[in-house]
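This report covers strand pairing, nonpolar cores and aromatic contacts. Please keep the sequence and the 3D view open while reading.

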Amino acid sequence: MAVLMVLALAGCGPGSPSVPTPAPGGKAAPAVPVSVAKAVSAPLDRTLPVVGTLFARDEATLSAEVEGTVEKTFVEFGDRIREGQELALVDTDSYSALAAQAAARVAQSKAAAVSAEHELARQQQLRSNGIASPADLDLAVANADQTRAAVKAAEAAETVARLNLSRSRIRAPFDAAVAERIASAGDFARPGTPMFRVVNDKVLKFIVQAPEANAPDIRKGQEIRFGVDAFPGRAFKGSVFLISPQVSAATRMFSLGALVTNADLALKANTFARGEVVLERDVPTVLAPLDAIVTSSGFSRVFVVSNNLALSRDVVVGRIRGDRQEILKGLAAGETLAVSGLNKLRDGAAVTVRPNAR
């Protein structure tokens, strides 16, 4: 009896052929009728699932650059604006008057300089004829130098006045939309007082996190496909243009960003999105029918039918593609799988293939 037990245990080791388990009473269990289908291979893109947020590519808070009362505001939040467009005026009338005053001083100093140059030329001529005294010539030279310096000072003051006049007009730095109007007409502004917050939402940045194990797979120019809750079923695309040089020590992830053209302005900044990075295109991939896959407690398996036996096989599954699912590990293309009667099967169970098998 002990010898028989040893032989029985030896026959149950790894690599031993599976045999039908006898039914109670020593009779073999009846064969389970099943339908079958083959695992196939198809070229599919290898991708990395990601989640992240869409940010505006360019965003700015426009502040006052001069001191004064806000005279007018021309836009409200949600308005589309163009680069260089006037958004508000900060005491522009006063700065316009100061610029005009500075221009008048320039004209005045230039006229004085012309008169001084003429007087200098006259004194030089008189001195060459021995008529003018050295003191008169020295005075004319000093006066000419002084008026030249006065012209430069007046021109510098005019430049500052015109610069302040220009700065009194708040302008859009780029094509954008107004996200927030902070200041109103009548407010008193000082340099640095926030006036508007604007965002360029025609081009967005899709910022996501990727596991450090995938760092060698990520390259600039790769396509990112994603969707947002606001448009179910609609696919959006972008291309990788930013890759972080470091991995977070807390999450073991690194950031990457894709530029997304938002020509129809459907997408809004700060929207949550789910998608995938296309790592490699047209990779031969094994696909199995969904009906052939049994998933329990996070583990998946299939029953491979060979020589009228159902052999249990653990597999690693990927994405669902129609009525099939990617098999990343554990199955080869061409193997025959049971697709019906799975709840009656166990490893090594005898089966009969139905004539209408696929």
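## Basis

Two strands pair if DSSP finds at least two bridges between them. Helices (H or I, at least four residues) and strands (E, at least two) are DSSP runs, numbered from the N terminus. The model is predicted: local features need pLDDT of at least 70, side-chain atom pairs count only at pLDDT 80 or more, and totals for chains, interfaces and linings use all residues. Residues are numbered from 1 along each chain as its sequence is written, and side-chain values use heavy atoms, with hydrogens and water left out.

## Strand S8 and its partners

S8 (176-181) is joined to S10 by four bridges, and the two run antiparallel. Here arginine 181 faces phenylalanine 196 in S10. S8 also pairs with strand S5 (residues 80-81), again antiparallel, over two bridges. Isoleucine 81 has alanine 176 of S8 as its bridge partner.

## The four-stranded sheet

Four strands make an open sheet in the order S7-S6-S4-S9, with antiparallel pairing. The edges are S7 (169-171) and S9 (188-189); each has a single partner strand, so one side of each is left without a neighbour in the sheet.

Take the pairings in that order. S6 (residues 86-90) is joined to S7 by three bridges, and glutamate 86 stands opposite arginine 171 in S7. Helix H2 (residues 92-128) packs on the sheet and touches S4 (68-73), S6 and S7. Contact means heavy atoms within 4.5 Å. The direction of H2 makes about 75° with that of S6. Axes are lines fitted to C-alpha atoms, for helices over the stretch in contact, and angles run from 0 to 180 degrees between N-to-C directions.

S4 and S6 share three bridges; threonine 73 is partnered by alanine 88 in S6. S4 and S9 share two bridges, with glycine 68 partnered by alanine 189 in S9.

## Nonpolar cores

A nonpolar core is a set of buried Ala, Val, Leu, Ile, Met, Phe, Trp, Tyr and Cys residues joined through side-chain atoms within 4.5 Å. Buried means under 20% relative accessible area, exposed over 50%, partly exposed in between (1.4 Å probe, protein chains only). The largest core has 25 residues; Leu62, Ile81, Leu87, Ile170, Met195, Phe196 and Val198 touch the most other members. S3 (40-63), S6, H2, H3 (134-167), S8 and S10 (194-211) each supply at least two of its residues.

Leucine 62 touches, among others, Leu87, Ile170, Met195, Phe196 and Val198, not counting residues up to four places away in sequence. A second, separate core has 21 residues, including Phe206, Ala210, Val240 and Leu256.

## Aromatic cluster

Rings of Phe, Tyr and Trp (its six-membered ring) pair if their centres lie within 6.5 Å; planes under 30 degrees apart count as stacked, over 60 as edge-to-face and the rest as tilted. The structure holds three aromatic pairs. Phenylalanine 206 and phenylalanine 226 form a tilted one, 4.8 Å centre to centre and 40° between the planes. This pair links S10 to S11 (residues 223-227), 20 residues apart.

Phenylalanine 226 and phenylalanine 236 have ring centres 5.7 Å apart and planes at 20°, so the pair is stacked. It links S11 to S12 (residues 236-243), ten residues apart.

Phe206, Phe226, Phe231 and Phe236 form one aromatic cluster. Arginine 234 lies over the face of phenylalanine 231, 5.5 Å from the ring centre. The criterion is NZ of Lys or CZ of Arg within 6 Å of the ring centre and within 35 degrees of the ring normal.
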